[in-house]
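Biologist: I would like to learn how to read a model like this one, feature by feature. Where do we start?

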Amino acid sequence: MRPPHSGQTHAPAAASVSTADEPSPRVRGLGACRTLGVESEKVPQRDQFLPDSPPHSGTMGQEDGKKWVAAAHSQPTIPKSDRLLAQAPVAATPIAFVRAIALAYAQRGLSPAKALAQAQIAPELLECDGARITAWQMERISEAAMRELDDEALGWFSRRLPWGSYGMLARASNGAASLDVALRRWCRHHGLLTDDITLALHTDGAVATLGITENGRESGRGIPAALREFCLVSVLRNIHGLACWTIDSRIPLLGAQFAYAAPPHADTYSVLFPGPVAFDAERTALHFDARYLALPLRRDEAALCQMLQHALPLTVRQYRRDRLLVQRVRQLLGAPAPLPSPISAAPAGQPAAPMPAPLPMHSAESLAELLHISPRTLHRQLKEEGATLQALKDEVRRARALELLHRSRRPIKQVAAAAGFANEKSFIRAFRAWTGQSPAEFRRRGERGGG
């Protein structure tokens, strides 16, 4: 059945996997929101994944189902090689998530056959442990199940969340002055929908944490064990996706942790939650840079209504823009390299001081790896923010060099090394380009001015 339309639709759908670097055209001016569906950014070579059914091909026949089942028995993990140029859909969403949806139907005494057919998923595929489906298929079966069961939680909680529940949360959060206020509203209002879990936002210095507390597990209440992973992953992805959309920015994760053992499809988590992932943790949580909490919300009521009408298609794609990317790159470039430094010479009668650790000599590749994006994406996003990697390197090196020349009597060679230069000659050449004078001349003029 389909519930009456109330003018609002649900928030991003249940978890599936989507690429972090695939082409992501802006949809009706809104941009692409953080995915809750899974497509690997690593496009496979032939026969690496289950054959993909195009959206227009209709439901799958018996012979097609047999082919999918046969392919599933040899299903490999998501490849970790560099992303290829091909853009064909990739089956990367684990079948375990589809099984969880089928279980939600079983809890209500209903059959998932109609939803499976709409998503072009062969019923036989549910029996194949290593099978994967595409993000398009996951989004289709999620929407079909939410509508048919009239439950956006898909059986996770002790009471249903009728169609429109997450849209209501999005509306309640959208008028906030900052992401911090919006997320705290979401967490508080989510508790009005269900008390099976408690969401909370905490900050500890530079790190913000969105955590989930599971209530009633000791007494046998709470999330059904067979739905637990699907629930926790989806809830975190929903709130993270909405946060990205509201501030019109990707929010890179510093880490994700889960209060359960690593599942057989743990390789999928590197796409669902780019960054360090830990299992068997004390609680389930996401960690990110707390500076994003201060960013203002950039979506008005009209944009929200439009997004809610098309939430599922929008959230298939990873959010691309990072409004704090320039700051994060500058911070990484300015972080001293963790290497032992020699003791520098000191004026007579004063103790020797350790030479400052040199700035790291980062390349685009090393920075991209730390930021969990590709080098091409790094250059493109910096350009969108009006910056270049070389200009940021020069800015950080120049600031370091000026500080050391002003505040110390270290030899020019040591200043060059501390500013991230391989040799004194290249440092002097760069310093002349920055200031129009050599480091020694700059230091002498500073001393005369100070005197």
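This is a predicted model: local features need pLDDT of at least 70, side-chain atom pairs count only at pLDDT 80 or more; totals for chains, interfaces and linings use all residues.

Biologist: How many of the residues of H4 are buried?

Modeller: 11 of the 15, so H4 is largely enclosed by the rest of the structure. Among the buried residues are Ala 135, Met 138, Ile 141, Ala 144 and Leu 149, and also Gln 137, Glu 139 and Arg 147. H4 is followed by Asp 150, which has a positive phi near 50°.

Biologist: What about H6, and which of its residues are buried?

Modeller: The general idea comes first. An α-helix has 3.6 residues a turn, so residues three or four places apart point the same way. In H6 the buried residues are Leu 179, Ala 182, Leu 183, Trp 186, Cys 187, His 190 and Leu 193. They cover an arc of only 135° around the axis, which means that they sit on the same side of H6. The face turned away from that buried side carries Arg 188 and Leu 192, which are exposed.

Biologist: What do the buried residues of H6 pack against?

Modeller: Their partners are H5, strand S3 (197-204), strand S4 (207-214), helix H7 (228-247) and strand S7 (284-289). The length of H6 can be checked as well: its 15 residues should span 21 Å at 1.5 Å a residue, and the end C-alpha atoms are 21 Å apart, which agrees.

Biologist: How is the packing of two helices described?

Modeller: By the angle between their axes and the distance between the axes. Helix H5 (residues 165-174) and helix H6 (residues 179-193) pack at an angle of about 145°, and their axes are 9 Å apart. The crossing of H5 and H6 is right-handed. H5 contributes Ser 165, Tyr 166, Met 168, Leu 169, Ala 170, Ala 172 and Ser 173 to the contact, and H6 contributes Ala 182, Arg 185, Trp 186, His 189, His 190 and Leu 193. By class, the contact has eight nonpolar, four polar and one charged residues.

Biologist: Now the backbone in the loops. Where is Asp 248 found, and is Asp 248 buried or exposed?

Modeller: Asp 248 is in the loop between H7 and strand S5 (253-257). Its phi is positive, about 55°, although Asp 248 is not a glycine. A residue counts as buried under 20% relative accessible area; Asp 248 has 11%, so it is buried.

Biologist: And Asp 280: buried or exposed?

Modeller: Asp 280 also has a positive phi, near 55°, in a residue other than glycine. Asp 280 is in the loop between strand S6 (277-278) and S7. Exposed means over 50%, and with a relative accessible area of 58% Asp 280 is therefore exposed.

Biologist: Which residues is Arg 283 in contact with, leaving aside its neighbours within four places in sequence?

Modeller: Arg 283 lies in the loop between S6 and S7 and counts as partly exposed, at 27% relative accessibility. Leaving those neighbours aside, its contacts are His 202, Thr 209, Gly 211, Ile 212, Gln 257, Phe 258 and Ala 259. Arg 283 and Glu 214 are 69 residues apart in sequence, yet their C-alpha atoms are 8.3 Å apart in space.

Biologist: How many helices and strands are there in the chain?

Modeller: The chain has 17 helices and seven strands. Of its 451 residues, 54% count as buried. Among contacts between residues at least 6 apart in sequence, 71% join residues at least 24 apart.

Note on methods. Residues are numbered from 1 along each chain as its sequence is written. Side-chain values use heavy atoms; hydrogens and water are left out. Axes are lines fitted to C-alpha atoms, for helices over the stretch in contact, and angles run from 0 to 180 degrees between N-to-C directions. Helices (H or I, at least four residues) and strands (E, at least two) are DSSP runs, numbered from the N terminus. A crossing is left-handed if the near helix is turned anticlockwise from the far one by less than a right angle, and right-handed if clockwise. Contact means heavy atoms within 4.5 Å. Ala, Val, Leu, Ile, Met, Phe, Trp, Tyr, Cys and Pro count as nonpolar, Asp, Glu, Lys and Arg as charged, and the others, Gly among them, as polar. The expected span of a helix is 1.5 Å times one less than its number of residues. Buried means under 20% relative accessible area, exposed over 50%, partly exposed in between (1.4 Å probe, protein chains only). The arc is that of the directions from the helix axis to the C-beta atoms.
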